[in-house]
Amino acid sequence: MIIHTEKPHFCDVCNKSFKQKSYLNVHMLIHTGEKPHLCVVCMKSFRQKCDLYKHIGTHTGEKRHTCDVCKKLFRRRQNLNIHMLIHTGEKPNVCKVCNTSFRFKYSLRSHMLIHTGEKVHMCEICERSFKRKAYLNSHLLIHTGEKPYMCEICNKSFRVKSSVKKHMRTHTQDKPYVCEVCNKSFKSKDYLNKHMRMHTGEKPYVCEKCNKSFRLKCKLNNHMHIHTERKPCV
């Protein structure tokens with residue numbers, strides 16, 4: 001059996017070749033900018049008819065692709081394929097540096113910043129840079145003073161969503177973080193970590209003047225007044 005690999009149809013602009021004249025015609029639309037397929041609902045135009053069909057689904061709400069496992073519906077086959085990775089556990093996107101695998105491409109892209117150290121998102125006000133757009137957005141709230149997350153009980157507002165969750169425990173008295181040594185419970189992971197130093201004896205805060213170490217940073221700050229001859233704040 002002979003397989004024909006010849007591509008006799010050439011693009012006059014970029015010299016790319018195609019097996020069929022129809023493929024070349026579709027390709028030429030990239031160069032001409034022509035979008036002949038028009039949505040009659042919103043008048044948005046597309047280069048290819050298949051893209052128009054996909055777009056029409058946004059108006060009709062039709063979801064033709066069904067997950068066989070959980071019966072969730074999707075407008076596009078591509079979205080269904082991505083969703084199926086949740087059920088199969090497959091993680092096809094592998095980091096070439098450390099071999100960590102990820103379900104989604106965007107997760108791998110975010111992970112790669114750990115290796116490259118690249119910080120592509122910069123604050124236009126103070127020029128501080130961040131690895132992720134989400135980190136930049138949180139940082140910008142410092143400049144704007146905006147606190148979009150509000151406690152529904154006392155109306156106190158916070159910049160970060162996690163701060164609201166911590167704050168809510170002052171109302172509920174919930175203490176989900178439990179010490180495995182003495183079973184004492186705490187409202188936040190930070191409080192538990194500080195408590196654990198009583199059991200481990202760890203003193204991570206060291207005075208640069210006399211090398212004395214402390215469990216808590218506030219204790220180190222108070223100690224520093226001995227060297228500066230200033231009275232500690234009460």
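I started with Asn155, which sits in the loop between E11 and strand E12 (157–158). This is a predicted model, so I read every value here as belonging to a prediction. Asn155 has a positive phi of about 65 degrees although it is not a glycine. I made a note of that because most residues other than glycine have a negative phi. Is Asn155 buried or exposed? Its relative accessibility comes out at 53%, and over 50% counts as exposed, so Asn155 is exposed.

Then I looked up Met43, another non-glycine residue with a positive phi of about 65 degrees. I found Met43 in the loop between strand E3 (37–38) and strand E4 (45–46). Met43 is exposed because its relative accessible area is 54%.

I got domain 1 (9–57), domain 2 (65–118), domain 3 (121–172) and domain 4 (177–227). Between domain 2 and domain 3 I read a distance of 28 Å for the C-alpha centres.

The UniProt record, an unreviewed entry, lists "domain: C2H2-type" at residues 9–36, 37–64, 65–92, 93–120, 121–148, 149–176, 177–204 and 205–232. Residues 9–36 are 43% helix and 14% strand, with the end C-alpha atoms 22 Å apart. For residues 149–176 I also noted 43% helix, 14% strand and 22 Å between the end C-alpha atoms.

**The largest pocket**

I went on to the largest pocket, which holds about 210 Å³ of space. Which residues line it? I listed Tyr53, Lys54, Ile56, Gly57, Glu62, Arg64, His65, Arg75, Arg76, Arg77 and Gln78. By type, the lining divides into 2 nonpolar, 3 polar and 6 charged residues.

At the level of helices, H2 (49–60) and H3 (77–88) each supply at least two. H2 has the largest share of the lining, with 4 residues.

**Two buried side chains**

I looked at His27 in helix H1 (residues 21–32). His27 has a relative accessible area of 10%, and the cut-off for buried is under 20%, so His27 is buried. What does the His27 side chain touch? I found a polar contact of 3.1 Å with the side chain of His31.

Ser188 was next, in the loop between strand E14 (185–186) and helix H7 (189–200). Ser188 counts as buried because its relative accessibility is 8%. I traced its side chain to the backbone nitrogen of Tyr191, which it reaches at 3.2 Å.

**Two partly exposed residues**

Gly145 lies in the loop between helix H5 (133–144) and strand E11 (149–150). I have Gly145 down as partly exposed, with a relative accessible area of 47%. From Gly145 I took a distance to Phe158: the residues are 13 apart along the chain, and their C-alpha atoms are separated by 9.9 Å.

My last stop was Tyr205, in strand E15 (residues 205–206). At 26% relative accessibility, I logged Tyr205 as partly exposed. How far is Tyr205 from Lys35 in space? I got 65 Å, C-alpha to C-alpha, for a pair 170 residues apart in sequence.

Key. Residues numbered from 1 in each chain as written. Predicted model: local features only at pLDDT ≥ 70, side-chain atom pairs only at ≥ 80, totals over all residues. Heavy atoms only, no water. Domains from an automatic or database assignment. UniProt positions renumbered as here; feature names shortened; annotations may be inferred. 1 Å grid on protein atoms, 1.4 Å probe; cavity = no way out; pocket = protein on both sides within 12 Å on 5 of 7 lines; lining within 4 Å. Points joined across faces, edges and corners; volume = space filled by probe spheres on them. Nonpolar A, V, L, I, M, F, W, Y, C, P; charged D, E, K, R; others polar. Buried < 20%, exposed > 50% of the residue type's maximum accessible area, 1.4 Å probe, protein only. Polar contact = N/O pair within 3.5 Å; in protein donor to acceptor, adjacent residues only side chain to side chain.
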